[in-house]
Amino acid sequence: MRTAIYPGSFDPLTNGHLSLIQRGLKMFDRLIVAIAVNPKKTPLFTVAERKALILDAVANDPRVEVDDFQGLLVDYAKRRKAHVVLRGLRAVSDFEFEFQLANMNRRLSNELETVFMMTGEDYFYISSNLVREVASFGGNVEGIVPPNVLTALRQKYATVTPAAATKPPAKKSASSPGKKR
Ligand code: ADP
């Protein structure tokens with residue numbers, strides 16, 4: 001049984017992540033999508049929410065397990081008895097960071113190999129960070145995230161519409177229509 005760990009923050013899952021999961025399943029029998037928990041960061045979605053969104057987006061595919069971990073990936077991989085890490089490469093800008101990370105992980109554990117997959121051509125510009133930013137200003141991220149994530153983002157930002165965020169407070173005036181005394 002070939003198992004790989006696909007680690008990330010998935011805050012939230014995007015179609016870029018989903019494409020990597022689907023294509024990863026052609027190479028591996030099982031994928032552990034591992035949400036890296038960083039206590040120093042305040043995520044938009046809780047770990048439980050992110051887990052539920054991922055499971056729902058992969059339609060509870062039995063080949064996909066969703067888990068979370070804190071600390072070093074190499075230690076988590078050891079605990080899970082996995083020897084392969086799956087990572088995605090979008091633009092050249094990803095390369096340097098991923099190269100550093102993969103080499104550091106190899107130094108920490110020579111039992112762990114990192115496998116890279118190129119992003120799908122439609123997804124090379126998508127990051128969770130950008131999705132959060134666009135959605136927070138009321139931008140439409142349809143087609144960029146799975147439908148369940150789209151709904152969850154709309155719910156999260158329901159109270160912060162762009163109009164509400166940018167509209168100056170209404171001036172109080174004696175002649176305001178509808179003002180009752
Ligand atoms: P992000 O960088 O979007 O915040 P993560 O930290 O959750 O996402 O990334 C986890 C992994 O998924 C990383 O290897 C990252 O390069 C990869 N990844 C993220 N978005 C995409 C995408 N659009 N296409 C391919 N791989 C991606």
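Predicted model: local features only at pLDDT ≥ 70, side-chain atom pairs only at ≥ 80, totals over all residues.

Reader: Which residue in E4 stands opposite Ile5?

Author: Strands of a sheet pair through backbone hydrogen bonds, either parallel or antiparallel. In this pair, the residue of E4 that stands opposite Ile5 is Val85.

Reader: Which helix packs on the sheet, touching E4 and E5?

Author: That is helix H4, made of residues 92–108, and its direction makes about 170° with that of E4.

Reader: In what order do the strands of the open sheet lie?

Author: The sheet has 5 strands, and reading across it gives the order E3-E2-E1-E4-E5, with parallel pairing. Because strand E3 (64–69) and strand E5 (113–118) each have a single partner strand, they stand at the edges, and one side of each is left without a neighbour in the sheet. From one strand to the next, the twist averages 30°.

Reader: How many helices and strands are there in the protein, and in what order do the elements run from the N terminus?

Author: The protein has 7 helices and 5 strands, and their order from the N terminus on is β-α-β-α-β-α-β-α-β-α-α-α.

Reader: What share of the contacts between residues at least 6 apart in sequence join residues at least 24 apart?

Author: That share is 76%, while 25% of the 181 residues of the protein count as buried.

Key. Residues numbered from 1 in each chain as written. Pairing = 2+ DSSP bridges. Helix = DSSP H or I, 4+ residues; strand = E, 2+ residues; numbered from the N terminus. Axes fitted to C-alpha atoms, helices over the stretch in contact; angles between N-to-C directions. Contact = placed C-beta atoms within 7 Å. Buried ≥ 20, exposed ≤ 12 C-beta atoms within 10 Å, placed from the backbone.
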